Every structure is written in structure tokens, then in C-alpha cells.
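Student: I have a model open and some questions ready. Can we go through them one by one?

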Amino acid sequence: QVQLVESGGGLVQAGESLRLSCVASGRTFSSYTRGWFRQAPGKEREIVSRIRWGDGITYYADSVKGRFTISRDNAKNTVYLQMNSLTPEDTAVYYCAAKRNYYSVLYDYWGQGTQVTVSS
């Protein structure tokens, strides 16, 4: 059974930092692209960042560029999202996901989400 489990969310004040983690189990994700998405209340889910597992090519949404950093630990099958200089606009449920085809818009596996709340 494939599982993606996020952790690291919480309540912080504006300007502070959080690091999210997403551990994958049940299969090897060495050839998968891993992504972080978020969904704020009343808004559509949006991609935040992604990383291609093999060569580490990354993508960031404009809204987080320069503040968030995605990274991976191959040995732990884990992807991280370091979030700095958080603002209330970053408040959302954050999901990690994985897909086999880098060029596909669809992700094959999803985590259950972790809440990030940033107070002003």
C-alpha cells in the first residue's frame, strides 16, 4: 500500500518559518516527481513546488519563489518544503503528491494534508 504522510504543519506568526516533511512508503519513488500543493479555504488547490527525483530539477510558484525551498532525501524517501518569511496568505492545507510522469499534470499519489496557519 502506497502512502504519503505529511508532517510539520502548525500555527506560526508572520515572518516565521516552518519545514514540512513528506515520507513515502509502500514503493520506491526514485523515478517519481514529488510535489507540494496547497489549498486555502474557498480557493482552488494550487501547486507550490515540485522536484524531479532523479536530477533534482525544481519548480516554484511565483508566490513562494525566494521564500520556499524544496529538497529531498533519497535514503529516507522523503521530500521537504522549507518555508521562510511566512505570511497570512500562506495559510492553507498543504499536500504532498507524487507522479511517475514528469510531464503529466496528474499526480498518482496524494498525502492527507497538513494545516499551516500564519497569523498576522
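Student: Which residue in S8 does Val 23 stand opposite?

Tutor: Keep in mind that this is a predicted model. S3 and S8 run antiparallel and are joined by 6 bridges. Within S8, the residue opposite Val 23 is Thr 78.

Student: What is the bridge partner of Arg 72 in S8?

Tutor: S7 and S8 also run antiparallel, with 6 bridges joining them. In S8, Arg 72 has as its bridge partner Val 79.

Student: How many of the 6 residues of S8 are buried?

Tutor: Buried means under 20% relative accessible area. S8 is mostly covered. Of its 6 residues, the number buried is 5.

Student: Near what angle is the positive phi of Asn 77?

Tutor: Asn 77 is found in the loop between S7 and S8. That hairpin has 4 residues between the strands. There, Asn 77 takes a positive phi near 55 degrees.

Student: Is Asn 77 buried or exposed?

Tutor: Leaving aside neighbours within four places in sequence, Asn 77 is in contact with several residues, including Cys 22, Phe 29 and Trp 53. Its relative accessible area is 14%. The cut-off for burial is under 20%, so Asn 77 counts as buried.

Student: Which residues have the most contacts inside the largest nonpolar core?

Tutor: In soluble globular proteins, nonpolar side chains tend to be buried together. Here the largest nonpolar core has 28 residues. Strands S3, S5, S7, S8, S9 and S11 each supply at least two residues of this core. Those with the most contacts inside it are Trp 36, Phe 68, Leu 81, Met 83 and Tyr 94.

Student: How many aromatic pairs are there, and why is the pair of Phe 37 and Trp 110 tilted?

Tutor: The count comes to 5 aromatic pairs. Planes under 30 degrees apart count as stacked and over 60 as edge-to-face. The rings of Phe 37 and Trp 110 have centres 4.8 Å apart and planes at 55 degrees, so the pair is tilted.

Student: How many residues apart are Phe 37 and Trp 110?

Tutor: Phe 37 is in strand S4, and Trp 110 is in strand S10. The pair links distant parts of the chain. The two are apart by 73 residues.

Student: Which residue do ring pairs link into a cluster with Phe 37 and Trp 110?

Tutor: Phe 37 also has Arg 45 over its face, at 5.9 Å from the ring centre. The cluster linked by ring pairs holds Phe 37, Trp 110 and Tyr 107.

Student: What is the angle between the planes of Tyr 102 and Tyr 103?

Tutor: Tyr 102 and Tyr 103 form an aromatic pair, 5.1 Å centre to centre. Tyr 103 counts as exposed, at 68% relative accessibility. The pair is edge-to-face, with the planes at 85 degrees.

Student: Which residue lies over the face of Tyr 102?

Tutor: A charge over a ring has to be within 6 Å of the ring centre. Here the distance is 4.4 Å, and the residue over Tyr 102 is Arg 52.

How values were computed: Residues numbered from 1 in each chain as written. Predicted model: local features only at pLDDT ≥ 70, side-chain atom pairs only at ≥ 80, totals over all residues. Heavy atoms only, no water. Phe/Tyr/Trp six-rings, centres within 6.5 Å; stacked < 30°, edge-to-face > 60°. Buried < 20%, exposed > 50% of the residue type's maximum accessible area, 1.4 Å probe, protein only. Lys NZ or Arg CZ within 6 Å of the ring centre and 35° of its normal. Core = buried A, V, L, I, M, F, W, Y, C linked by side-chain atoms within 4.5 Å. Contact = heavy atoms within 4.5 Å. Pairing = 2+ DSSP bridges.
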